[in-house]
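Morning, everyone. I have one chain to show you today. Please look at the screen.

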Amino acid sequence: MHVYTRLACFVGGTLFGSFGLKLLSSKDAKKVYTQVTAAGLRMKDSVMETVTTVQENAGDILAAAKDLNEARAAKEAEEAACAQICDCECECDCADEEA
């Protein structure tokens, strides 16, 4: 009985595979594959446009952050130089800028 069950499964699988192969290679199936592939390509193009936009925005933000840090470092360097030069308690331009 066990042999017949295996044989029946083999025959059923073979028939299902043959029928499935015919079904998957039909003209209607090829049309569906084409439509799905075209939709996938459109989705890929849309995603790539979004990725490009995000990359451009990230580049702009990075450039602005670098400019901000350079300006801040220059200001701190100027304040440090002024503090070294102007150790007296007199009223000078450096003291006015710090206040």
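I will go from the whole chain to single residues.

This is a predicted model: local features need pLDDT of at least 70, side-chain atom pairs count only at pLDDT 80 or more, and totals for chains, interfaces and linings use all residues. Residues are numbered from 1 along each chain as its sequence is written, and side-chain values use heavy atoms, with hydrogens and water left out.

Confidence comes next. pLDDT is the predictor's confidence in each residue, from 0 to 100. The chain's mean is 84, and 85% of its residues reach 70 or more.

Now the fold. The chain has three helices and zero strands. Both are DSSP runs, numbered from the N terminus: helices are H or I with at least four residues, strands E with at least two. Helix H2, residues 27–85, has the highest mean pLDDT among the elements, 93. Helix H3, residues 93–98, has the lowest, 52.

How much is buried? Of the 99 residues in the chain, 4%. Buried means under 20% relative accessible area, exposed over 50%, partly exposed in between (1.4 Å probe, protein chains only).

Take H1, residues 2–24. Among its 23 residues, one is buried. From first C-alpha to last, H1 reaches 32 Å, close to the 33 Å expected at 1.5 Å a residue. That expected span is 1.5 Å times one less than the number of residues. Leucine 7 sits in this helix.

Last, H2. Threonine 37 lies there. Threonine 37 is partly exposed, at 48% relative accessible area. A polar atom of its side chain lies 2.8 Å from the backbone oxygen of tyrosine 33.

Methods:
A polar contact is a pair of N or O atoms within 3.5 Å; within protein, one must be able to donate a hydrogen and the other to accept it, and residues adjacent in sequence count only if both atoms are side-chain atoms.
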